[in-house]
Amino acid sequence: MLRLAGWSVLETGQTFLIGYGPARALDEGFLRGRADVGLFWLAVTGVGVLVGAYGTARVYAAVAALVEPLRDRLVERVVSRGVRTGDAGSLSGLTQQVEIARDTFAGLVMVSRSFVFTAAGALAGLFALAPPLLLVVGPPLAAGMALFAATLRPLARRQETFLLADEALAGHLGTVCPGLRDVTATGAEAHIAAGTGERVEAELRAARALAHWGVLRVASLTIGGQLPVVLLLAAAPWLLAHGVTTGALVGALAYVTQSLLPALRNLIHGLGTSGSRLTVVLRRLARTDTEAPDPDSGPGPAGTATNHTAPPPALSLASVTFAYGPASAPVVQDLDLVLPSGAHLAVVGPSGTGKSTLTALVAGLLTPSRGAIRVGGHPVPGPQAAAERVLIPQEAYVFGGTLAENLAYLRPDPVPEEELLAAAEAVGLTPLAGRLGGLGARVDPAALSAGERQLVALTRAYLSYAPLALLDEATCHLDPETEERAERAFAARPGGTLVVVAHRISSARRAGRVLVMDGRSTAYGSHEELMRSSALYRDLVGSWAPAPARRGSEPALALRDAYRVDAVAGPRLAGDGRHVVAHRPVGQVQAPGDLRDGGSLGREG
Ligand SMILES: Nc1ncnc2c1ncn2[C@@H]1O[C@H](COP(=O)(O)OP(=O)(O)OP(=O)(O)O)[C@@H](O)[C@H]1O
């Protein structure tokens, strides 16, 4: 600090000479016809500027000596915390913020130091030239500074709000933009546009509030830096009449326009913008350092703390309640659920009881009205939780690239061919891959059947690094054998956890745990437990039972060529074992290929 102050004194000397030198050059030199004296004072001023420039160069080294230890201390704290918690993702973000803190702090030291020493040099110069000059320049300068000081805190708050809104928008766009193809393919434009619109509006509001306060900042600069120029010119006759010389007046104008005004402008912009940014960053670093939850101590059952050695559950829901509208009845109410890593859960229930809603909540596509969801210990919604799960919906999404591109789409790194082939084999895609012409073959999504598209989407999800796989009727177009193979592959993924919205009894039987959803009430347990305890589950199992023995090769469901299936009246069986369907004649039939082997009718059917 002392070295910094010492070198900064040279700046004071330079500022002093910027007004004093020309004033003497005029009064004692040029205005008296003595050019040599005038030139002498100008030369002195020139040397002063050179010496001042040298001082400014040394100032940078002194500022570095002041700022680098701060950076080192911040890095040390952030890194030791990152090492302790193993949270590498947030570590890189935080070290970046430390760099911002360092740069901003350095900028602040430079501008505030420069203002103090420049103002001291200029005020000393004004006093040395003619004390009455201080009476003209001093009061508006003090008033401008006072106004600036008064706006500092409210401005910093608005600046902080704006920065946070800006970051939220940037973060949101960073997630949305790489997924635009998916957004379009899944028809989520309106949903994404609404979310983006909210963030844009929030930033707009923050920018407006900041701009309103910014007007006061301009006012303080006008009063403190520009009004003195006007006052000096207006008061010139009075000053000249009271013994102030022409040279002194010119010197005073030089002080105001060349030193005070630029220093004040830098201070106002520097403190107003960088100061608030530094506040935001430091507050965030401090908060992360002291308050961030340790990932190892993620919520246990229903949010209770566990000991530090237990890994967080793959999925936890604590009193989760969700309704589609403020006046609508909740679809999910007070749901508690904890799934350890490696678990296999089947979610079953009649149509419309919230199974898809539950998977959308876990995936972070919907936000609970109450309660908390964590995936791998990370709060939902959130980027870390999003990286921990993969959702495969019923409508599988395949795009017009090669098969390999389709399969490797969720992987940030290049996927070796052997790994693609092994995944295809595990999920049951190999025959289709062969038919298509191998991994390098181009895929025409429209030429694939719904089941084939599901196989591609399943293999893609299988290859992703996300440990939690959410299959929301993602196998509904597959035959039971292929479905079983795919589900078993997911259940066997190392460290993988599987949640399946099941549409077949076989699917629920395979899972170690079953969640039965029935409107707002739920039942949870193994297949055997639920067969004993849940009447609804027994009903579902009954309705899922395969059709009675077929007569020869006669199909369980026959579609006459003059009918189109219009709606399925529940997966019920008529007395003779045929599915009961509502139908009406349309004269044209397209029999879906999914109706083989006791397969159920999907939404498309
Ligand atoms: N976007 C929405 N807006 C309003 N209500 C919705 C919305 N999506 C679903 N619902 C309602 O929420 C309830 C649960 O729907 P959800 O799709 O989660 O049920 P589900 O059990 O998955 O049904 P299915 O087995 O037929 O797929 C239903 O009553 C449904 O009408």
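Two strands are taken to pair if DSSP finds at least two bridges between them, and helices (H or I, at least four residues) and strands (E, at least two) are DSSP runs numbered from the N terminus. By this assignment, Asp472 stands opposite Val501 in strand S8. The structure is a predicted model, in which local features need pLDDT of at least 70, side-chain atom pairs count only at pLDDT 80 or more, and totals for chains, interfaces and linings use all residues. Residues are numbered from 1 along each chain as its sequence is written.

The secondary structure of the protein chain comprises 18 helices and 12 strands. A residue is classed as buried if 20 or more other C-beta atoms lie within 10 Å of its own, as exposed if 12 or fewer do, and as partly exposed in between, with C-beta atoms placed from the backbone. Of the 605 residues of the protein chain, 37% count as buried. Two residues are in contact if their C-beta atoms, placed from the backbone, lie within 7 Å. Among contacts between residues at least 6 apart in sequence, 72% join residues at least 24 apart.

An open sheet of 6 strands has the order S6-S7-S8-S3-S9-S10, and its pairing is mixed. Strand S6 (389-392) and strand S10 (521-525) stand at the edges, each with a single partner strand, so one side of each is left without a neighbour in the sheet. From one strand to the next the twist averages 15 degrees; here and below, axes are lines fitted to C-alpha atoms, for helices over the stretch in contact, and angles run from 0 to 180 degrees between N-to-C directions. S6 and S7 run parallel and are joined by 4 bridges, with Ile392 opposite Leu471 in S7. S7 and S8 also run parallel, joined by 5 bridges. Strand S3 (residues 344-348) is joined to strand S9 (residues 513-518) by 4 bridges in a parallel arrangement, in which Ala346 stands opposite Val514 in S9.

Strand S7 is mostly covered, with 5 of its 5 residues buried. In a regular strand the side chains alternate between the two faces of the sheet. In S7, Leu468, Leu470 and Asp472 point one way, Ala469 and Leu471 point the other way, and all are buried.

Arg389 is found in strand S6. This residue counts as buried because 25 C-beta neighbours lie inside 10 Å. Leaving aside neighbours within four places in sequence, Arg389 is in contact with Val362, Ala363, Val375, Ala466, Leu468 and Leu470. The C-alpha atoms of Arg389 and Gly496 are separated by 9.8 Å, although the two residues are 107 residues apart along the chain.

A second open sheet, of 4 strands, has the order S2-S1-S4-S5 with antiparallel pairing. Its edge strands are strand S2 (332-339) and strand S5 (378-380), each of which pairs on one side only. The twist of this sheet averages 25 degrees from one strand to the next. Strand S4 (residues 370-375) and S5 pair in the antiparallel sense over 3 bridges, and Val375 stands opposite His378 in S5.

Helix H9 (residues 355-363) lies across strands of both sheets.

Helix H4 (residues 131-176) and helix H6 (residues 189-234) pack at an angle of about 165 degrees, with their axes 8 Å apart. H4 and H6 are therefore roughly antiparallel to each other; angles under 35 degrees count as roughly parallel, over 145 as roughly antiparallel, 65 to 115 as roughly perpendicular and the rest as oblique. H4 passes H6 in a left-handed crossing, a crossing being left-handed if the near helix is turned anticlockwise from the far one by less than a right angle, and right-handed if clockwise. By class, the contact of H4 with H6 has 31 nonpolar, 10 polar and 5 charged residues, where Ala, Val, Leu, Ile, Met, Phe, Trp, Tyr, Cys and Pro count as nonpolar, Asp, Glu, Lys and Arg as charged, and the others, Gly among them, as polar.

The axes of helix H12 (residues 417-427) and helix H14 (residues 450-463) come within 9 Å and cross at roughly 125 degrees. H12 and H14 are therefore oblique to each other, and H12 passes H14 in a right-handed crossing. In this contact, Ala423, Ala424, Ala426 and Val427 of H12 meet Leu455, Leu458, Thr459, Tyr462 and Leu463 of H14. The contact residues divide into 8 nonpolar, 1 polar and no charged.
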